[in-house]
Amino acid sequence: RVSVTLLDRAQHILARRDATLLDAAGREAAQWALDAEIVNYYLLTPLPGTPPDNYTVSVSVYDGATLRSLDVRDAQGAPAGTRTVVAAVRLERAREPVGSDPSLRSVNKIAAPGVMVEGVAVEPGEVTPGQRLSVRLRWRALTAQPALDPLRLQLRQGNTLLAEVEGAPAGGQYLPTQWAKDEVVLDWRDLTIPAGAKSGAATLQVQVGAEPPIPLMDIQIRASTHLLTAPAIQYPLRLDLGNARLVGYDLPTQTLKAGEPLALTLYWQATGALGEAPLTVFTHLLDANGRLIAQHDSPPADGQRPTPGWIVDEYIIDPHRLTFSETGYTGEAVLEVGLYDPATGNRIPTPDRTGRLLLPTTIHVAPPASR
């Protein structure tokens, strides 16, 4: 399947269309002839109120059964993320009035003279430390060209400020002084849940200048359990990627049949703060020529332990199940692992600047059992 997505500067998804890859005769990709050129058309409809600005259109391809995305390859053939930008577009101001949006939680409060916050939507509904809470606000101009002081979106748990982001709506690219009377403007913002957040409800609120804060909704937080005692590790080691240290791995077998999944468990330890950008772990099986033959990429612990939620000295148990893209390969292979930013595809540097860690174990891929 293919996913075509409209993204803003901060990589928020403004419109998306997923579809099965088919040619003009309705044949799926597995039936296409080698080197065939296939033309597909996709219609993307941005949400009403999307501010006028420059946006990008990206494409990714994924397996409809496993939902695993195919890698984009750089000029050297190395994986470089799972999404590629194919076009830039400019959205102009809407010409028609914008109606209600049932996907938003209604707020309808005056945030400042001439400006109302009409509604809010968040994703996901429950968050854990390290996760990013994506917030969509809907503003309405009650007067033309309203003056709006910088606003703050906050997440508070009692008297504790957990997270805050400050700035003009629409990333400052479409200021309120440009808004027409009754115009609706959507505003996407991200808050990262800090590592020390406790379980329970937290209040999402918005405040403009010195105006009283407006409560928007409650967010449920589920705190993480931090493992501070070193677990039993089959193959201990010590390899650093920035402030993440790979302290070892488990490998149930070093020999498998061609095409069989390979189970691998990595053990990480945080040696410092890893920043607010959630990182993805890549695990690749390479043949004798360095060609990728099997892989599994995912956030740590299948997304349950995002890197911004790690605390110093804790251990992260991170299982992976590598599936083969080259099911007919037999022979020796090696494992490489690492971390990358999924928004950019950039790998976290290693001491040797390769952006990868080679595990000191050889994998033997045997022919499948004869029938």
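1. How many of the 7 residues of β19 are buried? The count is 6, so β19 is largely enclosed by the rest of the structure. Buried here means under 20% relative accessible area, exposed over 50%, and partly exposed in between, with a 1.4 Å probe and protein chains only. Strands are DSSP runs (E, at least two residues), numbered from the N terminus.

2. A note on the basis. This is a predicted model, in which local features need pLDDT of at least 70 and side-chain atom pairs count only at pLDDT 80 or more, while totals for chains, interfaces and linings use all residues. Residues are numbered from 1 along each chain as its sequence is written, and side-chain values use heavy atoms, with hydrogens and water left out.

3. Pairing around β19. Strands pair if DSSP finds at least two bridges between them. β18 (residues 280-286) runs antiparallel to β19, with 6 bridges. V281 faces S298 of β19. The β18 and β19 hairpin has 5 residues between its strands, and G290 there has a positive phi near 80 degrees. β20 (residues 315-324) is also antiparallel to β19, through 2 bridges. Q295 sits opposite T323 of β20.

4. The second largest pocket. Strand β19 (residues 292-298) gives the largest share of the lining, 4 residues. The whole lining has 22 residues, and V61, Y62, D63, R68 and L70 are nearest the centre. By class it holds 9 nonpolar, 6 polar and 7 charged residues. Ala, Val, Leu, Ile, Met, Phe, Trp, Tyr, Cys and Pro count as nonpolar, Asp, Glu, Lys and Arg as charged, and the others, Gly among them, as polar. The volume is about 540 Å³. On a 1 Å grid over the protein atoms alone, a pocket is an open set of points where a 1.4 Å probe fits, with protein on both sides within 12 Å along at least five of seven lines; lining residues have an atom within 4 Å of a point. Points are joined across faces, edges and corners, and the volume is the space filled by probe spheres set on them.

5. S60. This residue belongs to strand β3 (residues 53-61). S60 is buried, at 13% relative accessible area. Leaving out residues up to four places away in sequence, its contacts (heavy atoms within 4.5 Å) are R1, V2, S3, T82 and R83.

6. L191 and L155. L191 lies in β11 (residues 184-192) and is buried, at 1% relative accessible area. Beyond four places in sequence, L191 touches residues including L133, L153, L155 and L204. L155 likewise contacts L191, with A163, I219 and I221 also among its partners.

7. Backbone points to check. E123 and P124 are joined by a cis peptide bond, omega about -5 degrees. P124 is in the loop between β6 and β7. N108, in strand β5, has a positive phi near 50 degrees without being a glycine. N108 is partly exposed, at 42%. A170 is another non-glycine with positive phi, about 60 degrees. A170 is in the loop between β10 and β11 and is buried, at 14%.
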